[in-house]
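This briefing gathers computed features of one protein model, grouped by topic for a reader who has the coordinates at hand.

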Amino acid sequence: MYVCTFGEDETSERRVVYTDNNEDSILLMKDVQEDLFRRRKAKVESAIGIRHVIDLIASERKLIVGHSCFLDIAQVYSKFIGPLPSSIKEFALAINRIFPHVVDTRHLMSASDAVQHLMRQKSKALSSAFSLLCPAFHSTAGEASIPAPVRIEVEADETTLSCFASGAKHEAGYDAFMTGCVFAQLCAHIGVKFEDFTPKENLEMNKKMKKYINLLPPSFNSGTVLDLRTGMERADACYKLRYPAAVHDNIVLIWGFQSGLSAKDMKGCICKVFGPASVTTVFSIDSTAVLIQFSKQESVNDFMDLKATLEKQDSAISLLHPLSTILEGGQTRAANYDTYRDICSSSVTKYFFADQANAVCSASDTELRGENVDAGDALGTNSVLDETAHTLVKHAEGTKHCSKKQDATDISCQDILDALQDGKTLFGKQTRRT
């Protein structure tokens, strides 16, 4: 028989083996095939790396601790378990079968009144929670208003210890270190006493800890928790609303504006026109798109109408309008929240949201109300703006005691802005009448 085998250095060896009968031949071939299978299996196991860690965590059924870890767990599932389930309920139940004990420190922070009081004006981001709850490892130790109830010792040299003190968020392993430190302090705040634990006692079975396990906030401002044991989402009794609730009918999606325009700048431009309290929330999607939530639903229509009118005009007044900063470049587009949903659910994938939106939407159907305004309405609204501006410019000339021969160039920029502000008010009334 001709046999090919492999040595320890993976070099192949070709041999001719003589056997006495067919039975010996069969046994020999079986041994050779088993040896090849063992070698292939060993090569695969040596290549899968962190999958060994995931399998070990799942088999040990240990408590998994994360901070805002819903997406982290989804990432682990998709990379090491299988394709993500089609519904959030199926996903929750699948995770619970593999990792039966999961706790989220962001949810745990809401359980203690002392922690909520301490962080009432602070972000619940991991680095912020770490700086407040673990002052010994943070450069701003003196700013903490409560001492850390759990002492954490780190065995490290001077170089490593200085790294811990200065902070290195998002560095490999350091986020896990911060999460562990925050978790230890939060356990103490809810009454878990580590000194009373026996070597065989599991933290996930502790009575005070048990009620917070397997409850994950789906997002930072949802006000709900997902129960991994049932797959059901419910209101979080411990959650205190920090941001205004999302009202989808009051939201406008804006994309394609000039680079360098921040969400804060955009809010300022809109508030100059609609009033300081007109915008409740500005959420930046990326550098090319934002979601603006107005305090009133009618402001959405007024904004879209005013945007369309300014884009049709080519005059000094439109160039000096506060919204001209947002419209500069001629590529700015806006739509309602339903369009935002359609863009997000599309199979098209682009790096920037503006590119994604332009790829999904066409010019004829993305504007919220552009297709509902006919030429006659557009001319009517334009005439209202022009007439208002003209009247107020005359008024400005009279109050300044200017002569009849005064040239239009003597009008100040503030006069034009005042005219535009009043023009916006009359314009809103005109559109509501129509």
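Two strands are said to pair if DSSP finds at least two bridges between them, and the elements themselves are DSSP runs numbered from the N terminus, with helices being H or I runs of at least four residues and strands being E runs of at least two. The model is predicted, so that local features need pLDDT of at least 70 and side-chain atom pairs count only at pLDDT 80 or more, whereas totals for chains, interfaces and linings use all residues. Residues are numbered from 1 along each chain as its sequence is written, and side-chain values use heavy atoms, with hydrogens and water left out.

**Strand 10 and its partners**

- Strand 9 (residues 279–286) runs antiparallel to strand 10 and is joined to it by 6 bridges, and a hairpin connects the two through 2 residues.
- Within strand 10, Ala289 is the bridge partner of Asp286, while Val290 is the bridge partner of Ile254.
- Strand 8 also pairs with strand 10 in the antiparallel sense, over 5 bridges.
- Because 6 of the 6 residues of strand 10 (residues 289–294) are buried, this strand is largely enclosed by the rest of the structure; buried means under 20% relative accessible area, exposed over 50%, and partly exposed in between, with a 1.4 Å probe and protein chains only.
- Ala289, Leu291 and Gln293 point one way from strand 10, whereas Val290, Ile292 and Phe294 point the other way.

**Asn250**

- Asn250 lies in the loop between strand 7 (233–235) and strand 8 (251–255), and it counts as buried because its relative accessibility is 8%.
- Beyond its neighbours within four places in sequence, Asn250 is in contact (heavy atoms within 4.5 Å) with residues including Ile292, Gln293, Phe294 and Val300.

**Nonpolar cores**

- A nonpolar core is a set of buried Ala, Val, Leu, Ile, Met, Phe, Trp, Tyr and Cys residues joined through side-chain atoms within 4.5 Å; the largest one has 28 residues, and those with the most contacts inside it are Phe130, Val182, Phe183 and Met209.
- Helix 5 (105–109), helix 6 (113–118), helix 7 (126–133) and helix 9 (174–189) each supply at least two residues of this core, and helix 9 gives the most, with 8 residues.
- A second, separate core of 24 residues includes Phe257, Ile270, Phe294 and Leu310.

**His189**

- His189 is found in helix 9 and counts as partly exposed because its relative accessibility is 24%.
- The C-alpha atoms of His189 and Met109 are separated by 9.2 Å, although these residues are 80 residues apart along the chain.
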